Amino acid sequence: MSTMPPAAVAADPLESVADTRPVRNRRRRERSVGASIALHATLIVATFSALFPILWVVLSSIKPASEIRRTEIQVFASPTLDNYRRLLTETDFPTWFVNSVVVAAFTMVIGIAMSATAGYALSRFNFPGKRGLMWVFLLTQMFPVAILIVPIYTIMANLGLIDTKPSLVIAYCTVAVPFCAWMLRGYFDTIPRELDEAAALDGLGPFGTFWRVILPLARPGLAVTAFYTFLTAWGEVAYAIAFMQGSNHYTLGAGLQTFVPQFSPRWELLTSGAVLITLPAAIVFFFAQRHLVAGLTAGGTKG
Amino acid sequence: MRKSFDKHWYAWAMVLPTVIVLGVLVFYPLLQGVWQSFTNLNESNQRAEICTKILGGAVTCEPNPDAAKFVGLDNYVDILTGQQGHFWLQFSNTLVWTLACVALHYGLGLGLAVMLNRNFRGRSFYRVALILPWAVPSFVAAFAWRFIFDERFGVINGVLRAVGIDPVSWFEQRWTSLFTAIVANVWLGVPFMMVALLGGLQSINGDLYEAAEMDGATPWQRFVNITLPGLRPVSSTVVLLGTIWTFNMFPIIYFVTRGQPAGETEILVTGAYRAAFEGIRDYSLAATYGVLILSILVVYASVYKRLLAKQGEVF
């Protein structure tokens with residue numbers, strides 16, 4: 001669960017793309033033809049490297065199994081959706097998919113609910129313990145899976161929760177809650193304090209201000225944080241493999257690996273599964289990206 | 001005390017849910033983990049009591065005579081002297097892996113960000129295409145690259161065969177095996193660096209470039225004297241985070257190399273994981289690994305911050 005960027009880093013670039021672009025670029029018109037070609041050539045190579053693995057997996061997923069197991073390269077070979085049909089009807093893939101959705105959704109909701117008020121308090125108030133808490137959030141970024149997974153596993157085993165969805169949700173919350181608090185704090189910082197002051201003048205207490213004024217304004221920030229949290233839970237494997245034991249309890253991360261054992265891997269199921277796992281993640285990802293730009297550039301003062 | 005409570009009670013009330021969650025879900029297990037690293041806990045001795053059913057369905061329990069017990073620093077000594085596990089092999093793999101990945105992430109990310117920061121036709125297409133790998137869940141990417149590097153059916157060996165070079169058995173040799181994992185992780189991690197650095201580039205004041213151009217600075221001089229210093233706040237943060245994330249990157253090694261050949265490409269995190277969940281489960285060994293990994297990272301982060309602070313950089 002450690003590949004997600006904190007808000008500050010992920011958010012700023014997209015915000016500034018929109019508003020600083022025209023200013024500087026006006027004076028960078030004079031570029032020689034040679035430089036132009038070199039620029040495009042480099043970027044085309046980079047784009048090709050970025051897209052090729054994805055394309056190759058997609059292309060392979062529509063080849064019959066016998067064509068995947070061929071030593072010479074073929075881009076197209078009697079395209080068929082047979083792999084997808086088999087994946088959806090003859091394996092537990094649909095169950096894993098539902099399990100993943102449930103686990104990721106619960107993680108997302110709990111992560112946001114437990115951290116929203118903390119994000120607000122950290123953004124607005126100075127209170128004893130604030131620095132310590134911020135430091136703890138940073139420290140949790142450093143935790144390797146390795147240090148928490150064993151104690152959490154033994155605790156879950158004692159509680160009899162191993163092989164259940166709650167055990168995964170709880171494990172994911174160890175990362176999701178501090179991450180959400182950190183990210184939401186960054187978002188609340190972008191909402192002008194004048195709004196809080198105006199609300200206070202109108203007689204709202206700190207909780208009323210948070211609930212009625214700040215939370216509605218922070219919807220884009222909440223959405224983006226929620227999406228990222230969902231995606232990290234969607235793509236997590238270490239806990240999923242360690243905690244889930246029955247095939248019908250697997251999440252996607254734990255299930256997909258059962259297609260490719262060391263001997264006689266079934267690449268046709270793996271590639272089609274990979275496409276079906278990535279598709280929703282990519283859609284959510286790009287929706288979050290766009291939302292991020294809109295939320296950050298339009299945000300705050302309008303309300 | 002009273003006064004302080006009156007003044008801050010609502011702030012404390014607001015952080016309370018998070019603090020409770022962190023306390024119960026993070027700090028209690030963390031302490032448990034540190035404790036476990038001083039015991040000999042494993043699969044066979046994890047029960048504190050042995051319960052037996054007697055006739056009539058009643059259950060009697062008595063303390064387990066072989067229950068896990070405190071062993072002091074034995075685990076640490078065993079690991080660091082190489083009596084258990086392969087700490088130093090995994091440590092050297094982790095160093096190579098982290099250095100190579102972070103250097104390539106940063107270098108390629110910076111190069112692409114500088115290019116994308118210019119104005120040209122097709123810019124937004126390139127930007128979307130180049131961040132696509134970020135949208136792929138890491139375990140899916142790991143399987144995709146394992147498939148691409150597959151010794152018999154993989155496209156890379158297919159291309160090698162087609163141009164008449166002998167196919168490479170990627171996973172039979174330590175460095176080629178590690179190379180495949182590094183390629184996969186670089187592919188996965190460059191987009192984040194690129195987007196973060198692009199944001200940093202756009203916050204640099206354009207007037208600086210104009211002034212430098214007037215003074216006759218070459219493009220390289222402008223890059224070294226304006227772009228790089230301007231990027232420092234962003235760079236220092238993303239390099240620190242990138243290092244920590246790469247150090248702990250589990251799925252790529254676990255699924256791409258699977259430690260092949262014979263555990264020679266394992267990094268610390270995957271080594272700890274295998275100790276805990278494969279073969280005879282040695283929980284105390286894994287917990288010790290966890291404590292060591294965390295200590296290494298904390299030391300790294302504080303040295304890193306101190307070095308930056310010395311150069312007048314605070315983040």
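Student: Which residues touch the most other members of the largest nonpolar core?

Tutor: Good place to start! A nonpolar core is a set of buried Ala, Val, Leu, Ile, Met, Phe, Trp, Tyr and Cys residues joined through C-beta atoms within 7 Å. Buried means that 20 or more other C-beta atoms lie within 10 Å of a residue's own, with C-beta atoms placed from the backbone. Here the largest core has 168 residues, and those touching the most other members are A:A146, A:I149, B:F143, B:A184, B:L197 and B:A286. This core also draws at least three residues from each of domain 1 (2–26 + 40–63) and domain 2 (74–310) of chain B; such bounds come from an automatic or database domain assignment.

Student: Before we go on, how should I read the model and its labels?

Tutor: This is a predicted model, in which local features need pLDDT of at least 70 and side-chain atom pairs count only at pLDDT 80 or more, while totals for chains, interfaces and linings use all residues. Residues are numbered from 1 along each chain as its sequence is written, and chains are lettered from A and ligands numbered from 1 in the order in which they are written.

Student: Which residues does B:L197 touch?

Tutor: Two residues are in contact if their C-beta atoms, placed from the backbone, lie within 7 Å. Leaving out residues up to four places away in sequence, B:L197 touches B:G109, B:L110, B:A113, B:L231 and B:V234.

Student: How many residues does each chain bring to the contact?

Tutor: Chain A brings 84 residues and chain B brings 81 residues. On the chain B side, helix α1 (residues 2–36) gives the most, with 18 residues. That side divides into 60 nonpolar, 17 polar and four charged residues. For these classes, Ala, Val, Leu, Ile, Met, Phe, Trp, Tyr, Cys and Pro are nonpolar, Asp, Glu, Lys and Arg are charged, and the others, Gly among them, are polar.

Student: How many helices and strands does chain B have?

Tutor: Helices (H or I, at least four residues) and strands (E, at least two) are DSSP runs, numbered from the N terminus. Chain B has 12 helices and two strands. Its radius of gyration, taken over C-alpha atoms, is 26 Å, well over the 20 Å that the globule rule gives for 315 residues, so chain B is more spread out than a compact globule. That rule is 2.2 Å times the number of residues to the power 0.38.

Student: And what of chain A?

Tutor: Chain A has 14 helices and zero strands. Of its 303 residues, 47% count as buried.

Conventions. Buried ≥ 20, exposed ≤ 12 C-beta atoms within 10 Å, placed from the backbone.
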